[in-house]
Amino acid sequence: MTVSKYRKKIVNGLTICMLVLILPGCNITENDLIGGTWVATSGYIDGEATGEPDCGQFALGMRFVDEETLYVGEPGEEEEFEYEIRDGIDYYGEERRFIEFFNVNRKEEALKEKSEDEVPKGMYSFGSFAIERGGKDAFGMETRPGKSEGKHCYMERQDSE
């Protein structure tokens, strides 16, 4: 084997190793969101930050405090939510990562007379968004990926705690 063939095998092997290490980090996790205040800086359509944000009260700011709790809104007027990140299939059959928000007040009302097993999460769900990492301190979320008529916004971390 000549030196150049040997070098190609090493480079190819290193490239494969790098992809194996990098690709799992592409999915956003709860730990990526904790800390700081996230605010909508633009819309997010078809994988690109573009236009004006359209994601309701989430555009006012989000503070993820742990793996299941976040506060939404402006400081002093924040509302408590729970959230869950999961993998699923979108409208087009594509595998995506989703974040679903649950209104804590609605949940408490729904559970006053029934157990958690008896109340479907949909009764207190505040919406589900496809979510994609946009960098260490950014992510995009949209209710109908690739469609401008759904809710969508590109969130950036403004400060760290």
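Tutor: A disulfide is a pair of cysteine sulfur atoms within 2.5 Å. The model is predicted: local features need pLDDT of at least 70, side-chain atom pairs count only at pLDDT 80 or more, and totals for chains, interfaces and linings use all residues. Residues are numbered from 1 along each chain as its sequence is written, and side-chain values use heavy atoms, without hydrogens and water.

Student: Which cysteine does the disulfide join to C55?

Tutor: The structure holds one disulfide. C55 sits in the loop between β3 (48-49) and β4, and its partner, 98 residues apart, lies in strand β10; strands are DSSP runs of E, at least two residues, numbered from the N terminus. The S to S distance is 2.3 Å, and the partner is C153.

Student: What is the handedness of this disulfide?

Tutor: The torsion about the S-S bond of C55 and C153 is about 105 degrees, so the disulfide is right-handed.

Student: Is R97 buried or exposed?

Tutor: Buried means under 20% relative accessible area, exposed over 50%, partly exposed in between (1.4 Å probe, protein chains only). R97 lies in strand β7. Because its relative accessibility is 17%, R97 counts as buried.

Student: With which side chain does the side chain of R97 make a polar contact?

Tutor: A polar contact is a pair of N or O atoms within 3.5 Å; within protein, one must be able to donate a hydrogen and the other to accept it, and residues adjacent in sequence count only if both atoms are side-chain atoms. A polar atom of the R97 side chain lies 2.8 Å from the backbone oxygen of I28. The side-chain partner, at 2.9 Å, is D87.

Definitions and conventions. Helices (H or I, at least four residues) and strands (E, at least two) are DSSP runs, numbered from the N terminus.
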